[in-house]
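The sequence and the structure come first, and the notes follow by topic.

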Amino acid sequence: MDTESTYSGYSYYSGRSRGSHRHGERSRDRHKSRSKDSRSEKSVTINTPPAEPLLGDTAVRGEQVQDDNWGETTTAITGTSEHSLSQEDIVRITKDLEDSVGLDCRRYFTRTLAIILGLLVFLTPLAFLVLPHILWPDKLQSCGTACEGLFISVAFKLLILLLAVWALFFRPARAGLPRVYVFRALLAVLVLLFVISYWLFYGVRILDSQDENYQGIVQYAVSLVDALLFIHYLAIVLLELRQLQPCYSVCVTRSTDGETRHYNLGQLSIQRAALAIIEHYYCDFPVHNPALLSASKSRAAKHLAGLKVYNVDGEFPAAPAEGPGNNAAAGIAHSQSRAMIAAAARRRDTSHNELYYEEAEHERRVRKRRARLVVAVEEAFTHIKRMQEEEQKKAPGDVMDPREAAQAIFPSMARALQKYLRTTKQQHCHSMESIQQHLAFCITNNMTPKAFLESYLTPGPTVQYSRDFWRARQWTLISEASVTSGLKDGTIFLLKCVDFSLVVTSKKIPYIQMSEEYIDPKSHKFVLRLQSETSV
Amino acid sequence: MSFVPGQPVTAVVERVEIQKLRQGENLILGFSIGGGIDQDPGQNPFSEDKSDKGIYVTRISPKGPADLAGLKMGDKIMQVNGWDMTMVTHDQARKKLTKKREDVVRLLVTRKSLEEAVKHSKCSYPKH
């Protein structure tokens, strides 16, 4: 029967589509689908399918639901079909949506792992020292002076290790990267293996045989702490120092308007290089203004709208034709586009003329508005004077704080500023509130009108604007190579944002061969070159 | 006209005889000289070989005695009244030309066009 086959299809495919989400949930899902199968063997139960497959990959679900005679058996999709949602399904969907949108689960998971590992590492030397006293106190030799001195060294080394680990590892995470940080994972595994091997040795040679030489045990604990400090040194070198020396020069281009910058990076994995580039992007690139791109789009539309191809012979270049028909269709499409390009080149196009005059006109208009704005702001600033201390006692009436002063002089320059922002298409970047705030800020810090205007005359970097503009957005790293592999010469990857993407290419900094040349200070000698002409 | 050390210098020369003109107290010839072994040969605009330190005529005053005698700008002066001018300093050349007791200076000058004229005449009579 159709319904049965579709349900078994559901359970199988649902497991697969869920597996494509995050692998942390895979084990949970496999348990679910397995239990469902066992239930369906005993009795025919009609279960509503679990919430998650309704979320993702609806295309996958769609195509396997349609078997061969779908057109006859199913009718219009109404609310009472098997796709119906009950109230708790909706709640489950939203909960799962929240879980999958943030990577909180993974972050907390790594954090708890790190804390467990840290506790294990710190308590191990203490356990080594304390366990003999607990397990065989009577057999133990008393601790002499040298041994007690070692206690102090263990204590201080542990303190230094604690501070060093806190400084290196317990910093607020600045980003969520797509893949795990390979070096950290390797170091964690190394530390774990190391501590386990020490425990093994301790368990076999000391606990089992109940060694009485307490000084040897203390020295063993000290050697563990020393080795942990060396592993921390290794961690510093691998995680921090290795990427400091610049090795690659990356060229970052914004796809919408072509802004390009070059940076020097060290040996990093692609995902960490992407993170460094995004941080540089927020500080260096002028803010992305989609309003400035509309002019070129309209020009492009005009180019396309000029020519149209009519097929007089009646051949239809249908899109997915098979076999030799496909080549003919492709050939027709090719010749059409070539004909269009040739006709466009031949046509006497005056659009370059329009562009030139339009740009000249716009330039003139911007300069005029800018002049008016500068004059208005300078005049407005003359109305405000910082009050001296002595005057404060004399005239307490008309005293204003910076915010009120800003509000007082703002109306006289508001119109000019508004017009200027409209002409340069920046009006959506600055709200009136932010302008007044900036004005109060400039007044407080004794800035000149020119300093106040600087943030409006030139588009600044993204960090300069309000929080909404540059709050950390979702960036997608698109790369052909694996993102945990290192940067190489000729690596290309994309950082996609909602509005635009950054194209990144990397080149290796060449090996520089330098030689020296010695110049004797006494060798700087000069002669006079004469050139005289005498008339006789 | 290039100078090879150790070899005698050969050139096709023209005799120019200039009568000095009395102007007040001075006897003038009506041209200017440049060059000399103490000068910078690289700045000479008239020489072909920029290491040539000979004396060159740099300017001719129009309608002066030198112009009337047929001296041309860019000529290299080889001899003045028998005195050699190929290896002299600028000041020595000036002195040889401005001797107060002499009214006439007889110069031997050379220029590129002289060489070419001789070459042409040689070519048109190959059998000679």
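Which side chain meets that of A:Arg367 in a salt bridge? The partner is A:Glu363, at 3.7 Å from N to O, where a salt bridge is a side-chain nitrogen of Lys or Arg within 4 Å of a carboxyl oxygen of Asp or Glu. This is a predicted model, in which local features need pLDDT of at least 70, side-chain atom pairs count only at pLDDT 80 or more, and totals for chains, interfaces and linings use all residues. Residues are numbered from 1 along each chain as its sequence is written, chains are lettered from A and ligands numbered from 1 in the order in which they are written, and side-chain values use heavy atoms, with hydrogens and water left out.

**Salt bridges**

- Over all chains, the search of the whole structure finds 16 salt bridges.
- A:Arg367 and A:Glu363 both belong to helix H14 of chain A and are four residues apart, about one turn of the helix; helices (H or I, at least four residues) and strands (E, at least two) are DSSP runs, numbered from the N terminus.
- A:Arg367 is exposed at a relative accessible area of 53%, while A:Glu363 is partly exposed at 42%; buried means under 20% relative accessible area, exposed over 50%, and partly exposed in between (1.4 Å probe, protein chains only).
- A:Lys157 and A:Asp226 form a salt bridge of 2.6 Å, N to O.
- That pair links distant parts of the chain, with A:Lys157 in helix H8 and A:Asp226 in helix H10 of chain A, 69 residues apart.
- A:Lys157 has a relative accessible area of 23%, so it is partly exposed, and A:Asp226 is partly exposed at 26%.
- In the salt bridge between A:Arg261 and A:Glu259, the closest N and O atoms are 3.1 Å apart.
- In chain B, a network of salt bridges links B:Glu14, B:Asp75 and B:Arg111.

**Surface patches**

- Patches are made of residues with over 30% relative accessible area and no salt bridge; like charges are joined within 9 Å, and nonpolar side chains (Val, Leu, Ile, Met, Phe, Trp, Tyr) within 5 Å.
- A nonpolar surface patch of about 1100 Å² has A:Leu119, A:Phe156 and A:Trp166 among its residues.
- Helix H7 (104–135) and helix H8 (145–169) of chain A are the elements that give two or more residues to this nonpolar patch, and H8(A) provides the largest share, six residues.
- A:Leu119 lies in helix H7 of chain A and is partly exposed at 49% relative accessibility.
- A patch of positive charge on the surface gathers A:Lys368, A:Arg372, A:Arg415 and A:Lys419.
- At least two residues of the positive patch come from each of helix H14 (351–382) and helix H16 (402–423) of chain A.

**Strand S4 of chain B**

- Five of the five residues of strand S4 (residues 31–35) of chain B are buried, so the strand is largely enclosed by the rest of the structure.
- B:Phe31, B:Ile33 and B:Gly35 point one way from S4(B), and B:Ser32 and B:Gly34 the other way.
- S4(B) runs antiparallel to strand S6 (residues 533–535) of chain A, with three bridges between them; strands pair if DSSP finds at least two bridges between them.
- B:Ile33 is the bridge partner of A:Thr534.
- S4(B) is also joined by five bridges to strand S5 (residues 55–60) of chain B, again antiparallel, and B:Phe31 stands opposite B:Ile60.

Conventions. Accessible areas come from the Shrake-Rupley method with a 1.4 Å probe; for residues, only the protein chains shown count as cover. Lys and Arg count as positive and Asp and Glu as negative; His and the chain ends are not counted. The place of a charge is taken as NZ of Lys, CZ of Arg, CG of Asp or CD of Glu.
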